[in-house]
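Student: Could you show me how to read a model such as this, one feature at a time?

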Amino acid sequence: MTDTVAITNIKAKSRRGFNWREQRLAYLFLLPALFLFALINWYPILQTILYSFQEVNLKGVQGWVGFSNYARMFGNPVFYTVWQNILGYVLLSLAMGSIVPIVLAIMINEMRRLSPFFQTLVYLPTLIPIVVGLIVWRQIYAPREVS
């Protein structure tokens with residue numbers, strides 16, 4: 001009987017909506033983290049956008065140039081070649097990074113006799129660095145075997 005009353009109270013609270021007064025202290029504690037998040041993530045992005053409208057070199061900001069940086073960038077024929085290369089790289093890396101492993105996983109899963117061998121062979125590159133690290137740390141902490 002008590003469980004149904006508790007569930008009814010929870011449903012009633014969820015229908016009322018969000019109460020900012022109840023959550024005020026939680027957001028007050030969250031405020032420094034949100035400020036640091038904005039400072040670390042958004043400040044460099046906004047600064048880069050501002051720099052894109054200025055002439056900037058190693059000496060610092062030389063002055064405001066407006067959209068002339070963008071006009072020079074879009075007027076450069078290498079710009080379009082770079083974007084073609086980037087799109088080709090992205091498409092190939094998506095194909096090689098997702099389609100090939102899926103096809104290999106299906107092939108290994110459909111094998112009858114050699115499936116455990118190939119599963120071990122595929123998983124081996126994940127285990128080798130861990131084993132080597134363990135051996136190195138064992139040699140660091142116990143250079144001589146004690147018998």
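Student: How far apart in helix H5 are tryptophan 137 and tyrosine 141?

Tutor: Helices are DSSP runs of H or I with at least four residues, strands are E runs of at least two, and both are numbered from the N terminus. Tryptophan 137 and tyrosine 141 are four residues apart in H5, so about one helical turn separates them. This is a predicted model, in which local features need pLDDT of at least 70 and side-chain atom pairs count only at pLDDT 80 or more, while totals for chains, interfaces and linings use all residues. Residues are numbered from 1 along each chain as its sequence is written, and side-chain values use heavy atoms, with hydrogens and water left out.

Student: Is tyrosine 141 buried or exposed?

Tutor: Buried means under 20% relative accessible area, exposed means over 50%, and partly exposed lies in between (1.4 Å probe, protein chains only). Tyrosine 141 is exposed, at 68%, whereas tryptophan 137, at 48%, is partly exposed. Across the chain, buried residues make up 5% of the 147 residues.

Student: How many aromatic pairs does the model have, and how are such pairs described?

Tutor: In general, the distance of the centres and the angle of the planes describe a pair of aromatic rings. Rings of Phe, Tyr and Trp (its six-membered ring) pair if their centres lie within 6.5 Å, and the pair is stacked if the planes are under 30 degrees apart, edge-to-face if over 60, and tilted otherwise. By this rule there are nine aromatic pairs. One of them, phenylalanine 53 with phenylalanine 67, is edge-to-face, with 5.2 Å centre to centre and 85 degrees between the planes. This pair links distant parts of the chain, 14 residues apart: phenylalanine 53 belongs to the loop between helix H2 (20-51) and strand S1 (54-57), and phenylalanine 67 to the loop between strand S2 (60-64) and helix H3 (68-75). Phenylalanine 53 counts as buried because its relative accessibility is 18%, whereas phenylalanine 67, at 62%, counts as exposed. Tryptophan 137 and tyrosine 141, in turn, form a stacked pair, with 5.7 Å centre to centre and 25 degrees between the planes.

Student: Which residues form one aromatic cluster with Phe53?

Tutor: Phe53 forms one aromatic cluster with Trp64, Phe67 and Tyr70.

Student: How do S1 and S2 run, and how many bridges join them?

Tutor: Two strands pair if DSSP finds at least two bridges between them. S1 and S2 run antiparallel and are joined by four bridges, and the hairpin that connects S1 to S2 passes through two residues.

Student: Where does H2 bend, and by how much?

Tutor: The bend at a residue is the angle between axes fitted to the seven residues ending there and the seven starting there. H2 bends by about 40 degrees at leucine 30, and proline 32 follows within four residues. The expected span of a helix is 1.5 Å times one less than its number of residues; a straight helix of 32 residues would span 46 Å, but H2 spans only 38 Å between its end C-alpha atoms. H5 bends by about 45 degrees at leucine 124, with proline 125 following within four residues.
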